[in-house]
Amino acid sequence: MTYTPANPAYADPLEPALPPSNFTLDIERVALVITDPQTDFLGEDGAAYAVFAESIAEHGTVPNLRKLMEAARTAGIPIIISPHYYYPHDDRWKFNAPGEALMHKLGMFQRKDPLSVDGFEGSGADWLPALKDVIEDGRTVVCSPHKIAGPQTNDTFFQLRKTGATQVILAGMAANFCVESHLRDFVEHGLEVVVVRDATAGSKIPEGDAYAAALLNFRWLANALWSTEEAVENLKGAE
């Protein structure tokens with residue numbers, strides 16, 4: 001299946017140097033992992049939405065995430081959410097990299113307390129309303145929060161092992177940050193990973209196009225790079 005992105009800058013090369021994928025989906029040992037499907041990234045009122053809005057629109061990120069989660073639920077595979085939350089004690093860190101510093105400056109993913117959901121409903125840390133019902137379905141696993149970008153600081157990998165998954169379909173926000181960090185950690189631990197290229201998005205800032213940077217690394221690191229349409233069709237075909 002040929003994928004044609006809305007922005008031709010993200011089209012696959014006509015003569016790629018990298019070998020083609022030999023990934024084969026195994027419905028019995030695959031799980032869907034979604035990073036940060038939260039308002040601060042994806043919602044028009046979100047703290048960081050302005051720098052992601054163009055990319056979100058280009059890829060149809062929000063409807064594609066919903067299609068992907070619905071297909072995974074229909075196929076009966078585990079769905080695991082790796083969210084991002086910050087609590088007041090996180091603002092007392094002694095040092096931050098630029099990306100972390102920006103998230104703290106913008107007040108992203110803020111919660112009052114790890115043991116309380118007071119003020120959580122409808123906040124930037126909450127699930128995007130368009131995705132809320134498919135996340136809060138009583139079946140989806142919501143992990144503890146990662147703190148910078150990767151799953152090293154939460155229980156996503158533990159939850160994957162408990163499902164018996166050795167393959168991951170990966171999507172969510174943001175492309176060059178949390179999605180790429182999860183991809184790198186998963187493949188370093190010996191998992192096969194498919195990235196869903198249009199169920200994510202990246203910032204566009206003076207420093208560059210984060211989605212373009214991530215896409216190159218997806219091509220190098222992921223076992224396969226699918227569109228949402230391909231993912232949905234492959235899940236249907238493997239049921």
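**Surface patch, cores and salt bridges**

L216 lies in helix α8, which covers residues 210-221. In this predicted model, L216 is partly exposed, with a relative accessible area of 46%. Together with L18 and W220, L216 forms a nonpolar patch on the surface, and the accessible area of the three residues is about 320 Å².

The protein contains nine helices and eight strands. For 239 residues, a compact globule would have a radius of gyration near 18 Å, and the value of 17 Å for the protein agrees with this. The C-alpha trace spans about 45 × 40 × 30 Å along the principal axes. Of the 239 residues, 51% count as buried. Among contacts with a separation of 6 or more, 78% are between residues 24 or more positions apart.

In soluble globular proteins, nonpolar side chains tend to be buried together. The largest nonpolar core here has 48 residues, and those with the most contacts inside it are L32, F41, L42, L68, M69 and I169. Helix α3 (residues 61-75) gives the most to this core, with seven residues. Another core, of 23 residues, lies apart from it and includes F186, L191, V195 and L225. Beyond its neighbours within four places in sequence, L42 is in contact with residues including Y49, I56, V62, L65, L128, L131 and M173. In helix α9 (residues 228-238), the residues T228, E230, A231, V232 and L235 are buried. The cover over the buried residues of α9 includes α3, β4, β5 and β8.

The count of salt bridges is 15. One of them joins the side chains of R66 and D133, with an N to O distance of 2.8 Å. R66 belongs to helix α3 and D133 to helix α5 (residues 129-135), so the pair ties together parts that are 67 residues apart in sequence. Both count as partly exposed, R66 at 24% relative accessibility and D133 at 43%. A salt bridge also forms between K147 and D90, whose closest N and O atoms are 2.6 Å apart. K147 is in the loop between β3 and α6, and D90 is in the loop between β2 and α4, 57 residues apart. K147 is buried at 15% relative accessible area, and D90 is buried at 4%.

Within helix α7 (residues 175-188), E180 and R184 are four residues apart, a separation of about one helical turn. Their closest N and O atoms are 3.0 Å apart in a salt bridge. E180 counts as buried at 9% relative accessibility, whereas R184 is partly exposed at 36%. E121, D126, K132 and E136 are linked in a network of salt bridges.

Methods. Residues numbered from 1 in each chain as written. Predicted model: local features only at pLDDT ≥ 70, side-chain atom pairs only at ≥ 80, totals over all residues. Heavy atoms only, no water. Core = buried A, V, L, I, M, F, W, Y, C linked by side-chain atoms within 4.5 Å. Buried < 20%, exposed > 50% of the residue type's maximum accessible area, 1.4 Å probe, protein only. Helix = DSSP H or I, 4+ residues; strand = E, 2+ residues; numbered from the N terminus. Contact = heavy atoms within 4.5 Å. Patch = residues over 30% accessible without salt bridge, like charges linked within 9 Å, V, L, I, M, F, W, Y side chains within 5 Å. Areas by Shrake-Rupley, 256 points an atom, 1.4 Å probe, with all protein chains shown as cover. Salt bridge = Lys/Arg side-chain N within 4 Å of Asp/Glu carboxyl O. Rg over C-alpha atoms; globule rule 2.2 N^0.38 Å.
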